[in-house]
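Reader: I would like to learn how to read a protein model feature by feature, with the general idea before each case. Could we go through one together?

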Amino acid sequence: MGLEEVESQGFITSSVDALINWARKSAVWPMPLGISCCAIEMMAFAGPRFDVSRFGSEVFRFSPRQSDLLIVAGTVTYKMATVVRKIYDQMPDPKYVMAMGACTCSGGIYRTYAVVQGINQFLPVDVYVAGCPPRPDNVLKGLMLIQDIIKGERPLERGTIIGSEEKMYDIEIPTHGELVKA
C-alpha cells in the first residue's frame with residue numbers, strides 16, 4: 001500500500017479494547033428505578049431540555065435484561081431492597097449502578113429502622129449523585145462519569161465481552177430483627 005493510496009482512502013488505527021469501549025460508552029442503556037421524588041429529576045434528565053440523547057442514553061429500558069446502568073432514585077426501604085437487588089442481579093454483565101439523591105446515598109432525612117442508610121449496603125455503587133433532589137445536570141455529570149469508567153476498562157483482558165465468568169456480589173440485606181439487636 002503506497003502513500004498515495006493511504007492519502008486517498010484514509011485509515012484508522014486503534015485497539016480492539018478502545019473500539020469496544022467507545023461503542024459501549026456511546027450506548028449506555030439505563031434502567032430507571034424511580035422510587036420517590038428523585039424520579040421527577042430523572043425524568044427531566046431524559047427530557048428535551050437536558051437531552052441525554054447527546055450521550056447515547058436516551059433509550060430507557062424497563063427490562064433489567066436489556067440494561068447496563070441501574071439508576072436508583074429515591075428512598076429505599078428494607079422491604080424494597082430485595083426487589084432492587086433482584087433487578088440488579090437480572091442485569092447482564094458488565095453493569096453499573098448510579099445512586100441518585102441523598103436518600104439513596106445515605107438514607108437522607110429518614111433515620112428510621114425501615115430505611116436503608118445507603119444502597120451501598122447491598123449493591124456495589126459506581127457513581128453517587130448528590131442532592132435533594134439532584135439537578136438533572138448533576139445526573140448528566142454522573143452519566144459522564146460512568147462513561148469515563150467504561151472508557152478506562154479493558155474488556156477483553158477482564159473477560160466481560162468474550163468468555164465471561166459470572167462475578168456475584170454476596171452482600172446480605174439485614175432484616176428488621178438484626179437491626180433491633182444492633
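Reader: What share of the residues of the protein chain count as buried?

Author: A residue is called buried if its relative accessible area is under 20%, exposed if it is over 50%, and partly exposed in between, using a 1.4 Å probe and protein chains only. By that rule, 41% of the 182 residues of the protein chain count as buried. This is a predicted model, in which local features need pLDDT of at least 70 and side-chain atom pairs count only at pLDDT 80 or more, while totals for chains, interfaces and linings use all residues. Residues are numbered from 1 along each chain as its sequence is written, and side-chain values use heavy atoms, with hydrogens and water left out.

Reader: How many helices and strands does the protein chain have?

Author: Helices (H or I, at least four residues) and strands (E, at least two) are DSSP runs, numbered from the N terminus. The protein chain has 8 helices and 4 strands, and read along the sequence they follow the pattern α-α-β-α-β-α-β-α-β-α-α-α.

Reader: How should I read the buried residues of a helix, and which are they in α2?

Author: An α-helix has 3.6 residues a turn, so residues three or four places apart point the same way. In α2, which spans residues 16–25, the buried residues are Asp17, Ile20, Asn21 and Arg24. They lie on the same side of α2 because they cover an arc of only 95° around the axis, the arc being that of the directions from the helix axis to the C-beta atoms.

Reader: Which residues of α3 are buried, and which exposed residues does the face turned away from them carry?

Author: In α3, residues 38–46, the buried ones are Cys38, Ala39, Met42 and Phe45. Their arc is only 110° around the axis, so they too are placed on the same side of their helix, α3. The face turned away from that buried side carries the exposed residues Ile40 and Met43. As for partners, the buried residues of α3 pack against β1, β2 (69–73), β3 (96–100) and α6 (136–151), where contact means heavy atoms within 4.5 Å.

Reader: What is a nonpolar core, and which members of the largest one touch the most other members?

Author: In soluble globular proteins, nonpolar side chains tend to be buried together. A nonpolar core is a set of buried Ala, Val, Leu, Ile, Met, Phe, Trp, Tyr and Cys residues joined through side-chain atoms within 4.5 Å. The largest one here has 22 residues, of which Met42, Phe45, Leu69, Met98 and Leu143 touch the most other members. At least two residues of this core come from each of α3, β2, β3, β4 (127–129) and α6, and α6 gives the most, with 5 residues. Apart from this core lies another, of 19 residues, among them Leu70, Val84, Val97 and Phe122.

Reader: Which residues does leucine 143 touch?

Author: Leaving out residues up to four places away in sequence, leucine 143 touches Val28, Phe45, Val52, Phe55, Ser57, Leu69 and Met98.

Reader: Where is serine 26 placed, and what does it touch?

Author: Serine 26 is in the loop between α2 and β1 (30–34), and at 30% relative accessibility it counts as partly exposed. Not counting residues up to four places away in sequence, serine 26 touches Phe55 and Gly56. A polar atom of its side chain also lies 2.8 Å from the backbone oxygen of tryptophan 22.

Reader: Which peptide bonds are described as cis?

Author: Most residues other than glycine have a negative phi, and most peptide bonds are trans. Here the bond from aspartate 93 to proline 94 is cis, with omega near -5°, and proline 94 is found in the loop between α4 (78–90) and β3. The bond from cysteine 132 to proline 133 is cis as well, with omega near -15°, and proline 133 is in the loop between β4 and α6.

Notes:
A polar contact is a pair of N or O atoms within 3.5 Å; within protein, one must be able to donate a hydrogen and the other to accept it, and residues adjacent in sequence count only if both atoms are side-chain atoms.
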